[in-house]
Every structure is written in structure tokens, then in C-alpha cells.
Amino acid sequence: MLVVKFGGSAITDKKRPYTYRWGRLRPAAQALRGVRAALIHGAGSFAHPHVRAFGLTPVGIAKTKAALRRQTAMVLEDLAAAGIYAMPIEPSDVFWGRRLARREPIEAALSAGLYPLLHGDVVPSDGGHVVISGDDIAVELASIYRPRAVVFLMDVDGIYTAEPGTPGAVKLRDISGGVAGGAAGIDVTGGIAKKVEAGLAVASLGIPAYYCSIDDVAAVRAIASGGEPETCSAARPSRRP
């Protein structure tokens with residue numbers, strides 16, 4: 001099994017509200033056909049503007065949920081066009097804070113040969129509603145289902161020491177701690193630093209986490225077949241002597 005997240009920056013234009021990049025995920029999705037996997041999509045430009053503008057108020061939550069449903073419908077269509085038939089599962093229905101409280105919908109989808117599809121969301125918790133990112137969801141699913149790997153598909157081809165394209169920016173083959181960074185556009189879930197933190201949390205479970213370009217189909221195929229991608233950054237489990 002794999003856990004695969006289609007990043008919000010890759011499938012939406014985070015600088016333009018409600019702008020979905022039709023077809024961007026299809027080649028990578030096609031490489032997952034026949035592979036048991038749980039899928040996650042980032043909220044991108046569909047949810048972040050509302051959370052930023054209204055916070056976790058009733059109006060902010062309602063507008064965020066409405067936008068996410070529109071985006072998820074688009075992702076479902078794109079996946080189906082790639083031959084990936086997904087079952088949308090709203091995190092607010094199955095998560096309590098950052099804990100997966102109800103596994104049955106996910107497991108029912110997997111048992112039926114469907115791909116459970118979750119997304120960044122606003123979810124209830126002991127302290128009221130909170131934002132849960134797709135990266136948070138990836139870590140929780142990894143801790144429960146122990147997949148072969150977790151894959152973060154992004155609009156860049158890995159994790160860099162600085163903004164990609166800037167002088168001196170170097171892509172990291174292996175990720176340790178201490179990488180900082182943000183994301184283009186509005187992002188209320190922590191940007192690249194959050195993604196690195198999530199990957200390290202996955203690696204601490206003994207599971208590799210890969211950071212690949214959503215356009216790097218060869219890398220996705222390699223991971224799907226149980227191999228090692230040559231072009232991605234990775235947070236790998238520590239090797240014991």
C-alpha cells in the first residue's frame with residue numbers, strides 16, 4: 001500500500017483563488033493504477049483564502065467546506081479520467097483533531113477496490129474546530145496503515161536549501177531536520193517546513209517519504225513498483241547498526 005498526496009501547489013494555482021489545474025495530476029495518477037493506495041489532495045487555492053479571511057468562524061468554516069467540495073469534485077473527475085476511481089471521504093467526518101477516529105469509510109473503500117480520497121480540511125477537536133493539512137493526514141494514515149512509502153507530489157522536484165531557482169539553491173537528496181521555507185501564495189498550514197516535518201515523522205515510523213515532482217511519472221512508477229526513485233528528495237528511516 002502507498003499513501004500519495006497531490007500537493008495543493010501542484011494541482012491549483014495558489015496565487016489565484018479557485019483555480020484548478022485540470023489534467024495536471026493525470027499522468028502521475030495513471031502510474032498508480034493497480035496499486036493499493038490512499039490518496040490525499042491539498043486544498044490549495046480553494047480553502048486557504050477563506051481561512052485567512054474569516055478564520056475558524058462559522059462563516060469561515062462554511063465557505064471553506066463549500067470550496068473544498070467543489071475542488072474534490074474536480075479531483076475526482078481528473079482521477080477517473082486517469083483510470084483511478086476514488087471514494088471521497090471528508091476528514092471532518094472521520095478525524096477528531098489530528099487523530100483518525102473512524103477507519104471504516106477508508107477501509108470499506110479499499111476493500112471495494114476504490115481509492116479513498118481525503119484532503120486538507122477543517123475538523124472538530126476537543127478545543128473546537130482546527131485546520132488539518134493533507135500532510136498531517138498523510139502522517140496519521142502512515143501510522144495506522146504502515147504503507148510501503150508515503151509520496152508527496154509537488155510542483156517542484158524535491159526539497160531545496162532555498163527557493164528553487166534562486167542562486168545557491170541545492171536540492172537535498174536526503175532530508176534531515178532544519179529545513180525551513182514557505183510556499184507561494186496563501187498557505188495557512190506551514191508550507192515546505194511543514195512538509196519536511198511530516199516526512200520526518202513518517203520516516204520515524206520506519207517508512208520512507210519521497211518528495212517528487214507531480215510531473216515525474218518515472219519516479220511515481222518506480223515507487224509504485226517497489227523501487228527507489230532517482231530524482232526525488234527523501235526522508236528515510238534511520239539505519240540501525
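This is a predicted model: local features need pLDDT of at least 70, side-chain atom pairs count only at pLDDT 80 or more; totals for chains, interfaces and linings use all residues.
**View 1. Arg-70 over the ring of Tyr-18.** Stay with Tyr-18 for a moment and look at its ring from the side of its charged neighbour, Arg-70. The charged end of Arg-70 sits over this ring, 5.5 Å from the ring centre.

**View 2. A stacked pair, Phe-152 and Tyr-211.** Here is another of the aromatic pairs, with 5.3 Å from centre to centre and 15 degrees between the planes of Phe-152 and Tyr-211. Which strands does the pair link? Phe-152 lies in strand β9 and Tyr-211 in strand β12, 59 residues apart in the chain. Are these two residues buried or exposed? Phe-152 is buried, with a relative accessible area of 1%, and Tyr-211 is buried too, at 0%.

**View 3. The disulfide of Cys-212 and Cys-232.** The model has one disulfide by count, and the sulfur atoms of Cys-212 and Cys-232 that form it are 2.2 Å apart. The torsion about the S-S bond is about 115 degrees, so the disulfide is right-handed. Cys-212 sits in strand β12 (residues 209-213), whereas Cys-232 is in the loop between α9 and β13 (233-235). The two cysteines are 20 residues apart, and the pair links distant parts of the chain. Both Cys-212 and Cys-232 are buried.

View 4. How many cavities of 30 Å³ or more does a search of the whole structure find? The search finds one, and the largest cavity holds about 30 Å³ of space. Its lining is made up of Leu-2, Val-4, Leu-32, Val-151, Leu-153, Val-220, Ile-223 and Ala-224. At least two lining residues come from each of β1 (2-6), β9 (149-154) and α9 (217-224), with α9 giving the largest share, three residues. By class, the lining has eight nonpolar residues, no polar ones and no charged ones.

Note on methods. Residues are numbered from 1 along each chain as its sequence is written. Side-chain values use heavy atoms; hydrogens and water are left out. On a 1 Å grid over the protein atoms alone, a cavity is a set of points where a 1.4 Å probe fits but cannot get out, and a pocket is an open set with protein on both sides within 12 Å along at least five of seven lines; lining residues have an atom within 4 Å of a point. Grid points are joined across faces, edges and corners, and a volume is the space filled by probe spheres set on the points. Helices (H or I, at least four residues) and strands (E, at least two) are DSSP runs, numbered from the N terminus. Ala, Val, Leu, Ile, Met, Phe, Trp, Tyr, Cys and Pro count as nonpolar, Asp, Glu, Lys and Arg as charged, and the others, Gly among them, as polar. A disulfide is a pair of cysteine sulfur atoms within 2.5 Å. Buried means under 20% relative accessible area, exposed over 50%, partly exposed in between (1.4 Å probe, protein chains only). Rings of Phe, Tyr and Trp (its six-membered ring) pair if their centres lie within 6.5 Å; planes under 30 degrees apart count as stacked, over 60 as edge-to-face and the rest as tilted. A charge sits over a ring if NZ of Lys or CZ of Arg is within 6 Å of the ring centre and within 35 degrees of the ring normal.
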